[in-house]
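The sequence and structure come first.

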Amino acid sequence: MYRGGIITKTPEQLDQMAAAGRIQARCLQMLQSKVRPGVTTKQLDETAERFIRSQGAVPSFKGYRGFPGSICASPNNMVVHGIPGPYELQKGDIISIDIGVTYEGWVADAAITVPVGEVSAETAQLIKTTRASLFDGIAMARTGNRLSDISHAVQARVELDGLSVIRSLVGHGVGREMHEDPQIPNFGDPGEGPELEEGMVLAIEPMVNASGPEIRMGNDGWAVYSEDDSMAAHFEFTVAVTADGPRILTPWHEEP
Ligand code: MG
């Protein structure tokens, strides 16, 4: 059903999306366990594609507007949309891994940023804050709230910790298409935008730079970097607005 351009899903459809989300989350978890010095982003990509297809699902990103990978793998100062390749992870790196899974026609989209071995205290904080800002945003994904309540919660947490939300990249609705309405900025005043209703499904995805908020495009036409080459982190979950509150459809849990 369309509500102001936003396609809401029935409870049965949310369960179908959750099935896609479970495959997605298992894939993220598996890749996280494979992150170590010497591993290439191409190897991570191949592992992901093999797993996703073994589940009877399809990597949503592959071929999307010509994107060659099954995952986006974005190390260090790269924010998002990294094409997997020969880059070998090194101790002290961080790697942002974004995966879309299409299962029985429904898309689940989520991302995490993972440290490669020990990282600096500042970088560990960047990851921690970005993850926390995602959960602060998710907490606002409730009926009766407005869309920008999510945006505001993300921004507030990030800026409280002295970091910068990227303003020119946004989250999005998700369903049968990877990118549906609405766009979900990671900044803004609360109480604006559409009212959140049951059955809306949102890919909430804070993208955070350790220094200034500006970004630049890479030469391959995909990769997005922090303009000042500071470290950047990205966390994303697919979340449904339900009568019982926010329902995370990509239930990734950090390893203890
Ligand atoms: Mg997304």
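The sections below treat the basis of the values, the strands and the salt bridges.

## Basis

The model is predicted: local features need pLDDT of at least 70, side-chain atom pairs count only at pLDDT 80 or more, and totals for chains, interfaces and linings use all residues. Residues are numbered from 1 along each chain as its sequence is written, and side-chain values use heavy atoms, without hydrogens and water.

## Strands

Helices (H or I, at least four residues) and strands (E, at least two) are DSSP runs numbered from the N terminus; two strands pair if DSSP finds at least two bridges between them. An open antiparallel sheet has 3 strands in the order β8-β12-β15. Because β8 (164-165) and β15 (232-234) each have a single partner strand, one side of each lacks a neighbour in the sheet. In the pairing of β8 with β12, S164 is opposite N209.

Strands β16 (residues 237-242) and β17 (residues 245-248) run antiparallel, joined by 4 bridges. They form a hairpin with 2 residues between them, and V239 has I248 as its bridge partner.

## Salt bridges

With a salt bridge taken as a side-chain nitrogen of Lys or Arg within 4 Å of a carboxyl oxygen of Asp or Glu, the count is 8. One of them joins D15 and R247 (3.0 Å, N to O); D15 in helix α1 and R247 in β17 are 232 residues apart.

Within helix α2 (residues 41-54), K42 and D45 are 3 residues apart and form a salt bridge at 3.9 Å, N to O. D45 is buried at 2% relative accessible area, while K42 is partly exposed at 34% (buried is under 20%, exposed over 50%, partly exposed in between; 1.4 Å probe, protein chains only).
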